[in-house]
Amino acid sequence: MSGIGFGTPIEPPGGAGTSTLDTARRGSRRRNAIISTVSTVVFFAIIIAALAASPGADKFIDSFFSRTGFEDSFEPIAEGFWLNVKLMLVAEAFVLVLGLLVAVIRSLPGPVLAPFRLVALIYTDVFRGVPLILVIFMVGLGLPALRLDFISDRSVFTYGVISLVLVYSAYVAEVYRAGIDSVHPSQAAGARSLGLTQFQSMRFVILPQAIRRVIPPLLNDFIGLQKDTALVGLLGLVEVARAAENYAAETFNFTGYTMAALLFIAITIPLARTTDFLINRDRRRMAATTAA
Amino acid sequence: MNAVPLLRLEQVYKRYGDMEVLRGVDLDVAEGDVVCLIGASGCGKSTLLKCANLIEPINGGRILLEGEEITSEQTDPDRVRQHIGIVFQAFNLFPHMNVLSNVTLAPRRVLGMPQRQAEERAHELLDRFGLAEKTSEYPDRLSGGQQQRAAIARALAMQPRLLLLDEVTSALDPELVGEVLTVIRELAESGMTMVIATHEMGFARQIADRICFLFKGVILEQGPPEQIFGSPREERTQAFLKRIIEAGRAADLTAAGPGREAI
């Protein structure tokens, strides 16, 4: 449904080389553009009409899209959302480091390191398997209950970050590991043959190539993490979802939820487009190198 | 030949699963020697070099560098590899670094050489191999021949005692083979000790002090090039050389090529 006909190369001016085939192709391209535009308009028109025709349409629009609702809810919700942004940034910083550490440990050879590999394997298996919502409850309610110094008197924000880091590092570790595995073994052989140690070969030769390749999937997980920060509200932190809930409780109007959704989208869409851009760029580059 | 050879292989065995690739290889390489390994694909040439560089662990026998066993449990393979350079058929340059960084990486990180000194030496080597203009290019911008010369420079930057060349021209377009062979020839003249696995018979004949013919994981016959190419004793060697000549891969052995005149 995208705009067909946008990225097409400019046709040479109709000279001696313009055949009937060219004309026909240009005609069909224009026809495609018209069809895609019309079908898009019709598609959305039907959905909107269906919603508008439903018996509760007025009520629905009033509850979720009220003008005063947008105006009044913006401040508390934006304030809550700022907390989500902070959660996301702090957690992501730790996730990128911890995930890399786990991935590197899992990629290390040698019988001596077997226990470390096993720990890393168990960690990724467990935390990819357990739903984030359960981890948040276990960390947020469990750690304080332990009554340990340093651990049990942290803020809810910290427990939220810990939960997000635990779960997302497991995902990100697998992304990194896929990147490490994608670097051809001959690169490690080249590095080791020069006398570089296992660690140096990883640090200077394997990882720089691996990380470059996994930036798009890392961004994908970043988008997931950003959305999942809303779950930390379950611990009583007034982040965006909680702020919207509070607003709804006070005013009996749900526009706060719409507001929250719009704020998330305002961040995830640019991230998603950036990811697409990077993936396409890599694909083009790859095609260029294989052709050469 | 010195009493203690630079490199010595004693009854080296190597298995991949059920397949015995090396079945008791004995080889002495004296300082300054250029030894060429010839033989059909799969005869163990490449494996022998990879074992000598400790990239592949051996399953039996010993390898000694200057009389010191390097295949024992106590040896630190990273330290041994500093002294034994290897150049691969597929170059294995690091694609995320420019040519200069490819060459300076190991001297800087392994030997702890200051960046300026490492770069000076890298420039010297790259100049010598005709790559002065290419130091800031990335490997994928170079031709195969240029990449292979850069890879040789990278190995030499560690100032190895011994250089192993694993079919370094096999992945190159025919017109690019010459420039790489010229570099190797120059190295041989400068006294570099080398073990070269190659399919270039004319080149081997010209450059080698000794030719080793490998057959099914053993060195079946070895000797000076004129003897191996001129009057091979073993039937297998004769058959192999005959096949090569018939395949036209050693045109300069039959016609009046440069290899002929050198003898």
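Guide: Strands count as paired when DSSP finds at least two bridges between them. Strands (E, at least two residues) and helices (H or I, at least four) are DSSP runs, numbered from the N terminus. The part to look at is a sheet in chain B. Four strands form this open sheet, in the order 2-1-4-5, with antiparallel pairing. Strand 2 (19-29) and strand 5 (68-69) of chain B are the edge strands; each has a single partner strand, so one side of each has no neighbour in the sheet.

The model is predicted, so local features need pLDDT of at least 70 and side-chain atom pairs 80 or more, while totals for chains, interfaces and linings use all residues. Residues are numbered from 1 along each chain as its sequence is written, with chains lettered from A and ligands numbered from 1 in the order in which they are written.

Strand 5 of chain B pairs with strand 4 (residues 60-65) of chain B over two bridges, in the antiparallel sense. Here B:Glu68, in strand 5 of chain B, sits opposite B:Leu65.

Next, the side of chain B that touches chain A. Contact (C-beta atoms, placed from the backbone, within 7 Å) links 18 residues of chain B with 17 residues of chain A. Two helices of chain B, helix 2 (77-83) and helix 3 (99-109), each give at least two residues to that side. Ten of the residues on that side are nonpolar (Ala, Val, Leu, Ile, Met, Phe, Trp, Tyr, Cys, Pro), four are charged (Asp, Glu, Lys, Arg) and four are polar (the others, Gly among them).

The partner is built from other elements. Chain A has ten helices and zero strands. Along the sequence its pattern reads α-α-α-α-α-α-α-α-α-α. The C-alpha trace of chain A spans about 75 × 65 × 25 Å along its principal axes. Its radius of gyration (over C-alpha atoms) is 26 Å, against near 19 Å for a compact globule of 292 residues (rule: 2.2 Å times the number of residues to the power 0.38). In chain A, 29% of the 292 residues are buried (20 or more other C-beta atoms within 10 Å of their own). Of the chain A contacts between residues at least 6 apart in sequence, 76% join residues at least 24 apart.

Note on methods: Contact = placed C-beta atoms within 7 Å. Buried ≥ 20, exposed ≤ 12 C-beta atoms within 10 Å, placed from the backbone.
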